[in-house]
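Please open the structure in your viewer and keep the selection tool at hand. This tour goes from stop to stop, saying what to select and what can be found there.

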Amino acid sequence: MTGKTAASCTIVEVSTRRIATGARELRASRSYSFVLLLILVAFAFTATAPDETWSRGVLVLIECATLIVALWTSRETPVPLLLGLLILVTVGIAVAQIVIAGETLTVLTGTFSGLLVVAIGAVIVRGVISEGTVSQRSVIGAVCVYFLLGMLFVFAYSDVAAVASRPFFAQGTDGTLALRLYFSFVTLSTVGYGDYTAASNLGHMLSALEALLGQLYLVTVIAVLVSRMRFQPRNARKP
């Protein structure tokens, strides 16, 4: 039994060391794979979670985790005071949203969710620019920002729907969070199915702005990064 216990401990230690080494290498490489993974988790959660107050709070917590991982990946040490305060305040709002229901709190949650998305995007952009060269990591970071653009407008539409006196969509409904996610990314990619359309002038302006930003981002930022990307061999040695 002692031998088996020792062998199990050895396996656990080796696994822990491998995970720690992998995490250090990932951070050293500034790969935004973990950030993209968390963004996709937020996307999937928004698309599948019930349209309840607690789900909005959970979504905000996922975004807080995404910002923390983005800061860690970009090696932002120490964490800027403003971003630290944003995380603390937003966590408090998220917990309150999970426990308490209310229109004012819902609008506040949507607003701070948007601020988190902007903060995550800013951290990624700063990290990509500071890298100095265009690589696979830069492209992954740019893809993260593209998804964040779509998520930002989800919260913008949600705030407009919460404060407006009439339904957000011309079809006579404010829609669920999942429906607004669908509308946002259909607009961002300029697919334009037309099954849901904004009703108000503000909604029209926001959706037109999102479509323009989505197309400009793809044909400028993504296209330029991909054209200038340099692949780095895994066995390349650093000087």
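## Along helix H4

This is a predicted model, and the tour begins with helix H4, whose 19 residues should span 27 Å at 1.5 Å a residue; the C-alpha atoms at its ends are 28 Å apart, which agrees. Next, select Leu-83, Leu-86, Ile-87, Thr-90, Ile-93, Ala-94 and Gln-97, the buried residues of H4. If you turn the view until you look down the axis of H4, these buried residues fall within an arc of 140°, so they line one face of the helix.

## The whole chain

Zoom out and colour by secondary structure: the chain has eight helices and zero strands. Buried residues make up 41% of its 239 residues. Of the contacts in the chain with a separation of 6 or more, 75% are between residues 24 or more positions apart.

## Into the nonpolar cores

Which residues have the most contacts inside the largest nonpolar core? Select Val-35, Leu-67, Ile-124, Cys-144, Met-151 and Tyr-217, which hold that place in a core of 46 residues. At least two residues of this core come from each of the helices H2 (33-48), H3 (53-73), H4 (81-99), H5 (103-131), H6 (136-163), H7 (177-188) and H8 (201-227). H6 gives the most to this core, with ten residues.

Stay with Val-35 and show what surrounds it: leaving aside its neighbours within four places in sequence, Val-35 is in contact with Thr-66, Val-69, Ala-70, Thr-73, Ile-124 and Cys-144. Then move on to a second, separate core of ten residues, which includes Phe-153, Tyr-157, Val-160 and Phe-168.

## Aromatic rings

Across the whole structure, a search finds twelve aromatic pairs. For one of them, select Phe-43 and Phe-185: the centres of their rings are 5.0 Å apart and their planes stand at 85°, so the pair is edge-to-face, as planes over 60 degrees apart count as such. The pair links distant parts of the chain, with Phe-43 in helix H2 and Phe-185 in helix H7, 142 residues apart. Phe-43 counts as partly exposed because its relative accessibility is 27%, whereas Phe-185 is buried, with a relative accessible area of 15%; the cut-off for buried is under 20%.

## The salt bridge

For the last stop, which two side chains meet in a salt bridge? Select Arg-56 and Asp-51, whose side chains meet at 3.1 Å, N to O; the structure holds one salt bridge. Are its two partners buried or exposed, or partly exposed? Arg-56 is buried, with a relative accessible area of 16%, while Asp-51, at 34% relative accessibility, counts as partly exposed.

Definitions and conventions. Residues numbered from 1 in each chain as written. Predicted model: local features only at pLDDT ≥ 70, side-chain atom pairs only at ≥ 80, totals over all residues. Heavy atoms only, no water. Core = buried A, V, L, I, M, F, W, Y, C linked by side-chain atoms within 4.5 Å. Buried < 20%, exposed > 50% of the residue type's maximum accessible area, 1.4 Å probe, protein only. Helix = DSSP H or I, 4+ residues; strand = E, 2+ residues; numbered from the N terminus. Contact = heavy atoms within 4.5 Å. Expected span 1.5 Å × (residues − 1). Arc of directions from axis to C-beta. Phe/Tyr/Trp six-rings, centres within 6.5 Å; stacked < 30°, edge-to-face > 60°. Salt bridge = Lys/Arg side-chain N within 4 Å of Asp/Glu carboxyl O.
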